[in-house]
Amino acid sequence: MDLLRVRETTGNKGANREGGWDADGKGPNVWDTFTHQGGDRVFRNQTADVACGSYTLWGEDLKCIKQLGLTHYRFSLSWSRLLPDGTTGFINQKGIDYYNKMIDDLLANGVIPVVTLYHFDLPQHLEDQGGWKTGAIVEVFDAYAQFCFGTFGDRVKLWITINEPNTLALLAYDKGIFAPGVPNPGNRAYQTAHNMIKAHAKAWHSYDSLFRKKQNGQVSMSLFSPWVEPADPTSAADQEAAKGIMALALDLFAKPIFIDGDYPAVLKSQVAAMSKKQGYPSSRLPEFTEEEKRMIKGSADFFAIQYYTACLAKHQEYSEGELNILKDINTEVFPDPSWKVSQPGSWISVTPWSIRKLLKYIKDLYNNPVIYITENGFPQGDPAPLDDTQRWEYIRQTIQELYKVTAIHLDKVSLQLYCVWSLLDNFEWTQGYSSRFGLYKIDFEDSALPQVPYKSAMEYAKVIQSNGVKRPL
């Protein structure tokens, strides 16, 4: 019988989970700087200095992984722990030793590591030189990627180059609410996205030409996307608005990588038209050269998607003077007020049904690629009850939807991996420790940082133990 194999839960994000922010030669990253500056940009001015303490408590993390019975475990490397200034001019051996132990321990316990090179925590030294805003970052990232492939690739066979570059471009460089925290609406999101796509493609080609034959691994980029529906299904304008948000949220990155090396035509025309009205000499969305298009096209071995929720899109005309990437496409987004939310004020509406629609969208638009869901989760507020029934119901319903596409083959989607975010409660960026995604509860007030399973951990372990879902839950 066909099964949905629940293979993995995601874990370490580097900057928001490891702690040990300045331990053993690690260099500062942009989130260290951002949180240490205070100013209420993070909930209660909390920092990730200690976080879950995984740098010193890896053995405890491993116990949780074994208790769940995971076959895959995804974690992120901290760039500045390995290369304190971001370059290979100085290599931190203690950082290498830490990740070598993680990888070796996972493999010794039959767990396949899925490793992310970069998750929001750019070394501060590189940010001081312009970071993702400059084209020079492409070669620097490629050198870092080659270092990691060469150091860990004999054992790591599944790589993610950049985690949610679309989220980073919007929140860090358009709105400025993520590190490094310098907003530039309507400009830097496009500029940094452009550089991240080229950096990813360059690293993929380095793996392909220098490491693949010997290491036999796979490389991709993890993209975040909601599922978007028109606020008024009968409105042609709202239907186009929903398509525009999908193009901006997902296709801006996916189309160049998986289709033809270039941005969606609808975005190119809309941004160019708005830029002209605003008096810019050229579009605020940069253009790829023909050589760059050839480099970018086909630079992924699987489609990695991170999905949490759905939203509605409505056509909205904006004045020409307002710079904002949403305003470039004359659209506003919001949740359906009838949808439940995970917690008061949360951005996550409880819409497990929508994951099937997103998967089918990817299948139809991107030539039925192999899909890995590299994040999917549900937060609780703090204090978080151990009996997290609402969270488990969200995960249960999501798995049931995935059962329909993998075991019953309703949509003929090639889904091969599903990841719950996350193993432990952790530092959730600007939400600090107020938003709890973990399968294991962490008491951040206790210096020992004890790990206690939520109900969802025990239920999830049962699904994994049965080797997947044989019938609807």
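Mentor: Let's begin with Glu-459, which is partly exposed at 21% relative accessibility. Here buried means under 20% relative accessible area, exposed means over 50%, and partly exposed is in between, using a 1.4 Å probe and protein chains only. Keep in mind that this is a predicted model, where local features need pLDDT of at least 70 and side-chain atom pairs count only at pLDDT 80 or more, while totals for chains, interfaces and linings use all residues. Residues are numbered from 1 along each chain as its sequence is written, and side-chain values use heavy atoms, leaving out hydrogens and water.

Glu-459 pairs with Lys-462 in a salt bridge, with 3.4 Å between the closest N and O atoms. That term means a side-chain nitrogen of Lys or Arg within 4 Å of a carboxyl oxygen of Asp or Glu. Both partners sit in helix H15 (residues 455–465), three residues apart, which is about one turn of the helix. The helices (H or I, at least four residues) and strands (E, at least two) are DSSP runs, numbered from the N terminus.

By this rule, the count comes to 29 salt bridges. Another one joins Glu-127 and Lys-133, whose closest N and O atoms are 2.9 Å apart. Glu-127 has a relative accessible area of 11%, so it counts as buried. Lys-133 is buried too, with a value of 18%.

Next, look at Arg-284 and Asp-328, whose side chains meet in a salt bridge at 2.5 Å, N to O. This pair links distant parts of the chain, 44 residues apart: Arg-284 is in the loop between helix H10 (265–277) and helix H11 (290–296), while Asp-328 belongs to helix H12 (residues 325–328). Arg-284 and Asp-328 are both buried. Salt bridges can also join up into a network, as they do for Asp-262, Lys-268, Glu-290 and Lys-293.

Now for a contrast. Asp-174 is buried yet has no salt bridge, and the nearest side chain of opposite charge, Lys-175, is 6.6 Å away. What does the side chain of Asp-174 reach instead? It reaches the backbone nitrogen of Gly-186, at 2.7 Å. Setting aside neighbours within four places in sequence, Asp-174 is in contact with residues including Pro-183, Pro-185, Ala-189, Asn-324 and Ile-325. Contact means heavy atoms within 4.5 Å.

After H7 comes Gly-176, which has a positive phi, near 75°.

To finish, here is a residue in a loop. Pro-385 lies between strand E11 (380–381) and helix H14 (389–406), and with a relative accessible area of 43% it is partly exposed. Not counting residues up to four places away in sequence, Pro-385 touches Gln-380 and Tyr-454. Although Pro-385 and Tyr-454 are 69 residues apart along the chain, their C-alpha atoms are separated by 7.8 Å.

Note on methods: Lys, Arg positive; Asp, Glu negative; His and termini not counted. Polar contact = N/O pair within 3.5 Å; in protein donor to acceptor, adjacent residues only side chain to side chain.
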